[in-house]
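Dear colleague,

Please find below the structure for your records.

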Amino acid sequence: MRMVFPPAPMRARILQGLFAFYETEKRSYLRAALAEWAKFYNVKMPVVQLRRLRKEGIEYVLGRTNEDNVVTLWPPAAWKTEADTPKIKFTPAEYVDTILHELAHCLYFVDMEARADLYAARFVRQPKEAT
């Protein structure tokens, strides 16, 4: 599958907004970055919930996306607090990477569902036209 990315200036604006959200915790930065991302890919803007996710075994679950495009992320304050723990070193870049990772899940859930619907519609329509 070929991956399509926004042009470099748009990517820079999106990343700038995500880093600004991490530093200031103002949701307006996150919303602006997500709106630009969604506009480029022509998808619905995902809903983002900020709350701590549970620890699974020895791994922290830092982000999660469900099929309804609801993204759950650790809030930046919790991320920064955990970064003070000697065993765990979370950086701003890792936080932004986690957001982008979850956005990729949103994109591919939407894309695959749309393709499946298109396939089903064409599959049913073809025999009727052939008869």
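**Aromatic residues and core**

F40 counts as partly exposed, at 29% relative accessibility; buried means under 20% relative accessible area, exposed over 50%, and partly exposed in between, with a 1.4 Å probe and protein chains only. Please note that this is a predicted model, in which local features need pLDDT of at least 70 and side-chain atom pairs count only at pLDDT 80 or more, while totals for chains, interfaces and linings use all residues. Residues are numbered from 1 along each chain as its sequence is written, and side-chain values use heavy atoms, with hydrogens and water left out.

The protein chain has 4 helices and 5 strands, taken as DSSP runs numbered from the N terminus (helices: H or I, at least four residues; strands: E, at least two). Along the sequence, their pattern is α-α-β-β-β-β-β-α-α. Of the 131 residues of the protein chain, 34% count as buried.

The structure holds 4 aromatic pairs. Rings of Phe, Tyr and Trp (its six-membered ring) pair if their centres lie within 6.5 Å; planes under 30 degrees apart count as stacked, over 60 as edge-to-face and the rest as tilted. The W37 and Y41 pair is tilted, because the ring centres are 5.4 Å apart and the planes stand at 55 degrees. In helix α2, W37 and Y41 are 4 residues apart, so about one helical turn separates them. W37 is buried, with a relative accessible area of 7%, and Y41 also counts as buried, at 18% relative accessibility. The rings of F40 and Y41 have centres 4.8 Å apart and planes at 85 degrees, so this pair is edge-to-face. F21, Y22 and Y95 form one aromatic cluster.

Leaving aside residues up to four places away in sequence, I99 touches L18, L30 and L73; contact means heavy atoms within 4.5 Å. Among contacts in the protein chain with a separation of 6 or more, 50% are between residues 24 or more positions apart.

F19 lies in helix α1 and is partly exposed, with a relative accessible area of 33%.
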